[in-house]
Amino acid sequence: MTPASPAPRRRGLLLALVAVLAIAALVVGSLLWRDRFGSGEQEAAGLAAALSAGEAPDQAEHDRILGPLLEAGAVPQVSLADPGSARDGTRTATLAWTWTLPDEAGTWEYTTEATLHRGEDGWRADLDPAAYAPALSASEHLELTTLDPELGSLTDRDGTVLFSELPVITLGLDKTQLAADELDAAARDLAALLGIDADRFAQSVAGHGPEAFVAALTIREEAADDYPLDEAAQVTGYLAVEGTRPLAVERGYAPGVLGSLREASAEDIEDSDGELEAGDLVPSGGVIAAARDEVLGTPGLEVRAVDEHTDAARSLHRIEPVSGTAVPTTLDDDVQRMATAAIADEDSPSAVIVLQPSTGDVLASALGPAGQSYPVGLVGRYAPGSTFKAVTALSLLRAGLTPETEVQCPETAVVAGRSFKNADSMDPALFGTMPLRSAIAHSCNTAMLLQHETVDQPTLADAATTLGIGQEPPAGLDAFMGSVDPEDTGAEHAAAMMGQGRVLTSPLSMAVVLASVQHGETVAPRILADRQPVTPEVPTPLTGQEAAQMQEMLRGVVTDGSLDEFADLPGEPVIGKTGTAEWVDEDGELALHSWVIVAQGDRVVVAFVEDGGYGSVTAGPIAREVLEGI
């Protein structure tokens with residue numbers, strides 16, 4: 001038998017080999033393709049990193065959706081929570097978003113899904129809006145909205161509200177009701193009726209847009225009858241808008257104490273380094289500035305998805321605002337009103353301060369009508385006159401004198417070439433030798449200044465420090481707490497012994513002086529009832545014996561001296577001192593500051609009139625009316 005030819009077998013083997021090689025090529029090609037473009041996991045991680053950096057495949061869409069949120073100060077951090085699995089050239093990855101919200105409002109966290117497709121150029125993300133925030137539709141974007149808290153209040157020591165949100169009416173012109181040639185006349189007519197500057201209001205109206213409401217004046221609702229609103233309503237374009245505004249319970253209530261809140265100006269916003277925006281409230285002075293955070297509360301935040309076509313908004317994340325609280329002050333509303341009434345008829349800048357020695361609490365700070373815009377009781381800088389003899393008396397006691405020590409009280413005296421005299425009202429029969437207690441009771445100027453060699457200026461300044469002069473003002477009050485320069489010599493030192501020269505005090509600081517004598521130790525005033533006063537450290541604390549001797553001598557002012565009209569007041573003994581200080585007014589004429597400081601039990605009253613007469617004549621009746629009332 002002829003053997004079979006090997007050629008067909010070789011062809012079969014060759015074909016098989018070719019097939020194997022072809023399959024291998026396909027496998028290798030597939031592997032090479034996969035190796036060239038990867039699995040997409042690395043691209044998913046890169047997408048998360050890019051989004052954290054504010055970059056996206058479609059940057060315009062990214063900015064449309066997230067732009068308002070980013071501009072508001074929110075900062076995203078995006079990580080790859082789950083890369084998912086690749087199937088048929090598609091990978092769905094899970095992104096974890098963590099937004100750090102502005103103003104230390106915390107974070108907002110959520111996850112979304114992002115789809116990546118493999119194409120000829122590799123893996124590429126295809127992000128729909130829902131990849132940026134949960135369930136976000138194609139027409140929505142994200143916005144951050146501030147949620148205003150409810151305003152708190154300031155109260156008196158018993159909880160009576162002194163400062164809170166009150167109803168107001170804003171009066172102005174609605175420019176949509178006016179033709180261009182009617183604007184100026186309408187503005188000037190309304191300004192004349194409301195008593196405001198016509199030129200300024202006309203310029204303001206002209207400068208606003210054609211659809212603006214231009215406010216002319218905001219008044220308390222309760223004061224509406226004080227303005228001719230019926231006539232104003234006849235002015236074309238007139239509009240009255242009701243609203244609320246944070247205000248003191250009454251106009252002019254405790255000026256300089258409560259402070260005020262106003263809307264942030266453009267300058268405030270520009271200078272705030274992003275902390276303020278339009279509509280924010282800015283405190284100005286007083287308690288409201290010190291207790292700003294408590295009164296204003298903490299704003300909340302809400303992240304909203306806003307539809308660009310309908311403006312419909314839905315909440316995605318919300319941080320509730322924290323309402324302001326009621327901040328108690330040390331004021332006593334009844335005493336404050338009483339003090340205000342007692343000084344209401346003064347036609348010169350004037351003040352009444354009422355202080356509680358045991359606590360340092362400011363119970364009242366009232367101003368006369370002429371001083372309402374300038375709280376002279378707190379920040380005034382005046383020579384205290386003979387009320388300062390309380391300080392001088394302490395320095396003399398420390399120099400070894402006693403209330404019985406005989407001192408000289410001549411009609412006039414010359415120190416360092418400067419002549420000094422006693423008040424014209426002093427009885428000439430008193431001139432001569434008298435005990436220190438009588439020199440204090442009858443307010444002998446020469447008796448004090450002739451002791452200028454017994455007590456040097458540093459010793460006098462130290463006694464002033466002991467009685468509270470020069471300490472830091474209490475939190476919540478802009479106040480001048482007095483100054484005595486320890487370097488004064490010669491005639492200036494002698495003048496300081498009688499409360500003149502360069503000695504300066506405020507009514508509040510003189511209230512602290514007498515309160516320290518009455519309490520027997522240095523008193524620190526306070527206005528915030530929920531904060532303890534910071535008692536100043538004094539080099540030489542007041543002793544019990546010194547306090548008793550001081551009280552005795554100041555009692556003599558009432559029983560035997562210039563405050564004898566207070567001797568009949570029922571209750572605990574009254575102590576005090578009158579004071580008259582010379583000054584030159586704006587016309588170059590010699591004028592008098594009128595002072596009285598009195599204490600009874602746990603109350604100190606200081607009455608001051610900038611341009612008055614002798615202390616007992618001008619300030620005395622004011623102080624008595626208040627002391628009788630409390």
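**View 1. Residue classes and elements lining the second largest pocket of this predicted model**. The lining has 11 nonpolar, 17 polar and seven charged residues (nonpolar: Ala, Val, Leu, Ile, Met, Phe, Trp, Tyr, Cys, Pro; charged: Asp, Glu, Lys, Arg; polar: the others, Gly among them). A pocket is an open set of points on a 1 Å grid over the protein atoms alone, where a 1.4 Å probe fits, with protein on both sides within 12 Å along at least five of seven lines; lining residues have an atom within 4 Å of a point. The volume, the space filled by probe spheres set on the points, is about 790 Å³. Of 35 lining residues, N422, A423, N445, T580 and Y614 are closest to the centre. β22 (574-584) is one of the elements supplying at least two residues, and gives the most, five (DSSP runs: strands E, at least two residues; helices H or I, at least four).

**View 2. The largest pocket**. Its volume is about 1300 Å³. Among its 42 lining residues, T146, D148, D280, R292 and P299 lie nearest the centre. Elements giving two or more residues include β6 (140-147), β8 (161-174) and α9 (292-296). The lining has 18 nonpolar, 11 polar and 13 charged residues.

**View 3. The disulfide of C409 and C444**. The sulfur atoms are 2.0 Å apart (cut-off: within 2.5 Å), and the link is right-handed, with 110 degrees about the S-S bond. C409 lies in β18 (406-409) and C444 in the loop between α13 and α14, 35 residues apart. Both cysteines are buried (under 20% relative accessible area, 1.4 Å probe, protein chains only).

Residues are numbered from 1 along each chain as its sequence is written. Local features need pLDDT of at least 70, side-chain atom pairs 80 or more, while totals for chains, interfaces and linings use all residues; side-chain values use heavy atoms, without hydrogens and water.

Methods:
Buried means under 20% relative accessible area, exposed over 50%, partly exposed in between (1.4 Å probe, protein chains only).
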